[in-house]
Number of protein chains: 2
Amino acid sequence: MSSSPSPRGRPRDPRSHEAIVSAAAELVAEVGYAATSIGAVAARAGVGKDTVYRRWRGKPELVFEAVFTATDHAPVPDTGTLAGDLSALLRGLVDEFRAPAAAAALPGLLADFAADPLLRARIRSGFLAPSKERLLVVFERAETRGEIAAGTPVDLVLDTLAGAVFFHVGLVGEHPDPRLAEQLAAVMAKGIEVR
Amino acid sequence: MSSSPSPRGRPRDPRSHEAIVSAAAELVAEVGYAATSIGAVAARAGVGKDTVYRRWRGKPELVFEAVFTATDHAPVPDTGTLAGDLSALLRGLVDEFRAPAAAAALPGLLADFAADPLLRARIRSGFLAPSKERLLVVFERAETRGEIAAGTPVDLVLDTLAGAVFFHVGLVGEHPDPRLAEQLAAVMAKGIEVR
């Protein structure tokens, strides 16, 4: 945008980071994914486009972080049981998918992934890495308590939880049953627990 | 298409039904979802457009059936255990998602669902109904064998299995681990089994 002011702050200035992420989530909810540009996000956040590109490779990475990683910086749940922790993680995931920005971003994001094999190749190494880190902390605690064995397949569980919420909330778009997170957490915990 | 011949056969002629479904799967794989039209499908199948519209409401319904319900007419698996039956259902689902037509159809289908609340409202009642019927047969047998209790939430399990395969194969697009179906079936079966 021609009205974009020059960059302020240092590259990893947490204030500009937060301003960029908020601007991206707002713009996607307001004008949709297709009409959201890095230039428009930068203008709304009051930074230059180069500040955005210093931190994110492009629109898919920025929008994904703005919409689907809101809970990544909250403390990892520590309820004392695997089922309780999974339920807390799932509640966060359901809330993310129910947000207007997520509904607005999902079709365009999926189309970008589908059209770009290089982008898709970074899903595990980039997009899903923070969620996997959080799940690994939950798994380590469950292993210490003797609930699960070492080597429980974390990618399988991550895909299953995220896929189920995507399917139930993101695709079918039903008003999710308030018990969804708890029921799914109970099934998955029982499914991977030792005996 | 102007070269479309006039309809042949009766509305539910199984030969024309099969020809239409095959033509839709071929066209989507060849030219993509966006460029696939009911007219082009009808022309390739050698039927009139009205014959297609007599059976399907529109392109999303036709393409979904052509791409994602290939295994619906196979016998419901009956391996003697819940885990075995779920594993067989999941192998079919993985194969469907790995087909070139599925990869070509998925982004466009998801975008159509996202853009049309009326279409989305028919996901459970229409698109997913045949898969649910098959899963219900598997559940009834498992209940008779005492593996699961009456009232096991079939929609939750259906969303979870389909969502996990979508996420793993359809989105991340990884060459799926050959053990995916078996591992996921084992986790889900254990998760919903009595005790």
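This is a predicted model: local features need pLDDT of at least 70, side-chain atom pairs count only at pLDDT 80 or more; totals for chains, interfaces and linings use all residues.
**Entry 1: A:Ala189**

I began with A:Ala189, which counts as buried because its relative accessibility is 1%. Residues are numbered from 1 along each chain as its sequence is written, chains are lettered from A and ligands numbered from 1 in the order in which they are written, and side-chain values use heavy atoms, with hydrogens and water left out.

I found A:Ala189 in helix α10 of chain A. Helices here are DSSP runs (H or I, at least four residues), as are strands (E, at least two), numbered from the N terminus. Leaving aside neighbours within four places in sequence, I listed A:Leu82, A:Ala83 and A:Leu86 as its contacts; contact means heavy atoms within 4.5 Å. I also looked up A:Val157, which is 32 residues from A:Ala189 along the chain, and the two C-alpha atoms are separated by 9.7 Å.

**Entry 2: A:Leu82, the partner**

One of those contacts, A:Leu82, was my next stop, and I placed it in helix α5 of chain A. Is A:Leu82 buried or exposed? It is buried, since its relative accessible area is 0%. Beyond four places in sequence, A:Leu82 is in contact with A:Val138, A:Ala142, A:Arg145, A:Glu147, A:Ile148, A:Ala189, A:Ile192 and A:Glu193. I noted that A:Ala185 lies 103 residues from A:Leu82 in sequence, with 8.4 Å between their C-alpha atoms.

**Entry 3: helix α5 of chain A**

I then took in the whole of α5, residues 82-98 of chain A. Its 17 residues reach 24 Å from first C-alpha to last, close to the 24 Å expected at 1.5 Å a residue. The expected span is 1.5 Å times one less than the number of residues. Which residues of α5(A) are buried? I wrote down A:Leu82, A:Asp85, A:Leu86, A:Ser87, A:Leu89, A:Leu90, A:Gly92, A:Val94, A:Glu96 and A:Phe97. Their cover includes α4 (59-68), α6 (100-115), α8 (129-144), α9 (154-171) and α10 (180-192) of chain A.

Next I turned to α4(A), where ten of the ten residues are buried, so the helix is largely enclosed by the rest of the structure. Charged names are on that list too, including A:Lys59, A:Glu61 and A:Glu65. What covers α4(A) includes α1, α2, α3 (49-55), α5, α6 and α7 (117-127) of chain A.

I found A:Thr36 in the loop between α1 (14-31) and α2 (38-45) of chain A. A:Thr36 counts as buried because its relative accessibility is 3%.

**Entry 4: chain A as a whole**

Stepping back, I counted ten helices and zero strands in chain A. With 195 residues, a compact globule would have a radius of gyration near 16 Å, and the 18 Å of chain A agrees. That radius is taken over C-alpha atoms, and the globule rule is 2.2 Å times the number of residues to the power 0.38. The C-alpha trace spans about 60 × 35 × 30 Å along its principal axes. I noted 50% of the 195 residues as buried. Among contacts between residues at least 6 apart in sequence, 71% join residues at least 24 apart.

**Entry 5: over to chain B**

In chain B I checked α9 (residues 154-171), whose 18 residues should span 26 Å at 1.5 Å a residue; the end C-alpha atoms are 24 Å apart, which agrees. I saw that 16 of its 18 residues are buried, so α9(B) is largely enclosed by the rest of the structure. Just after α9(B), B:Gly173 takes a positive phi of about 70 degrees.

B:Leu180 is buried, because its relative accessible area is 5%. What does B:Leu180 touch, not counting residues up to four places away in sequence? I listed A:Leu156, B:Val94, B:His168 and B:Val169.

Technical notes:
Buried means under 20% relative accessible area, exposed over 50%, partly exposed in between (1.4 Å probe, protein chains only).
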